[in-house]
Amino acid sequence: MNPMRSRSRKFWIGAAVLATAAAVVVPARVWAADGFVAGASGLGDPFFPLGGNGGYDVTNYSLVLDYSPSTRHLDGTATITATATENLSRFDLDLRGFDVSAVMVNDRAASFTRDGQELVITPRTGLRSGRSFTVVVSYGGVPVVITDPDESIEGWIPTDDGAFVVGEPQGSPGWYPANDNPRDKATYDIKVTVPDGLTAMANGVLVSQTSSGGKATFVWRENSPMAPYLATATLGRFDFTQYQLASGLPVYIAVDPTLSTASVLNKLPDIVEFYSSIYGPYPFDAVGAIVDDAKNVGYSLETQTKPVFDRVPDEATLAHELSHMWFGDSVTLTLWPDMWLHEGFATWSEWIWSEHDGRKSAHQYFENLYNTPAQNTAFWTPPPGNPGTPVFLFNGTIYNRGGMTLQALREKVGDDVFFRILRDWATEQRYGNVTTSEFIALAERESGLSLQHFFDVWLYQPDKPTSW
Ligand SMILES: [Zn+2]
């Protein structure tokens, strides 16, 4: 994600809020006498404890959507293939809003109830641990836009000509039923029907594009594992172009025809090639960009394979979002408080692209920021490794001090070791979920140095680092 500078001030709220970090709710479980249990209603993330659910692992989402921009009505059928990880008498999906008309489990009608963001499903018979099962949820209604703890909006956000669809960190249940936790990655098939003249974009490769009866249908397939929050179905009036990189990688570009992107999107091939050269092979089988006119959103997002922009991005923002394909989308945090593993890396990636392009170096970016006085606590606090509350999930420190942490590491261990660390991180953890302590362990292994003090100072101490 990249908040626009004009709106990023709202993330600078001050240290007082740190003391009010939300209590962690550990979701309860209900045990049944026959050994079958109700899956947990959440996975206990410190910031979003009800995001995701216990007892199963999704392997594929197949979403069939039909949207009418004039009525803002979305009809959906989600077919979810999952494997039970416990003997389940009951399980939850996350879904916000909508009327649910039917739920089928393994082709048999299941009973269901709603409880906040939980869609609680009771199949006719228990689901055995280790077995695959399918859930079909039929739903419809006008999507409810979700407001985050930092007051930004997400989910299915209506635009003049369609919808801007973003899900970080908890917007995906605003348009499809999901196991909404970054730990449960799955492949996706997304089929979207819209009025003729509109284009529906989604993740992965375009499988087909057809038109009949005044409606156009776009079928997309994401073949690589994807966290639920990275899905999109952004649609509207778009100039839609396709081409291939020299490597054969398909590129899909959608631009709102009222906007002029000038030449910035022409940089995409060079940026992808450069990051591939330093971070290792591009992790997915498509790339691209969706440039919409949705300035009320106030940020862009690294939706997998095709970042979405709420306005024409500058080159740094384009580079930022493309770098997230490696750091965020392929290598994904396990818990939301580790957000610096996405945003610190993407911020530093902006700097190294600039340096590579013969402009300002990463060291110069570091120096300019480091000159910020220690008394400017809003700049230095909270420390990037411990945002403390979801209000600060996208705080400037997560980005700036996170990026500075990497540049400081680079200057401590030297370029050879540093670039090997980044490349091995992207390669060894490809499609995985990671923690900060795993990154520290890798950096220590590659450098042969004890880096506990270094990372403590940079990631966890609230004050401006002075010696490391
Ligand atoms: Zn970002």
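1. A friendly place to start is Lys 295, which is partly exposed at 43% relative accessibility; here buried means under 20% relative accessible area, exposed over 50%, and partly exposed in between (1.4 Å probe, protein chains only). Its salt-bridge partner is Asp 293, with 3.1 Å from N to O. Asp 293 is partly exposed too, with a relative accessible area of 31%. A salt bridge here is a side-chain nitrogen of Lys or Arg within 4 Å of a carboxyl oxygen of Asp or Glu.

2. Some notes on the source: this is a predicted model, in which local features need pLDDT of at least 70 and side-chain atom pairs count only at pLDDT 80 or more, while totals for chains, interfaces and linings use all residues. Residues are numbered from 1 along each chain as its sequence is written, and side-chain values use heavy atoms, with hydrogens and water left out.

3. In total, the structure holds eleven salt bridges. One of them pairs Asp 310 with Arg 311 at 2.9 Å, N to O. Asp 310 is buried at 1% relative accessibility, and Arg 311 counts as buried at 17%.

4. Another salt bridge joins the side chains of Glu 315 and Arg 359, at 2.9 Å from N to O. This pair links distant parts of the chain, 44 residues apart: Glu 315 sits in helix 3 (residues 315-323), and Arg 359 in the loop between helix 4 (340-356) and helix 5 (362-370). Helices are DSSP runs (H or I, at least four residues), numbered from the N terminus. Arg 359 is partly exposed, its relative accessible area being 42%.

Terms used
Helix = DSSP H or I, 4+ residues; strand = E, 2+ residues; numbered from the N terminus.
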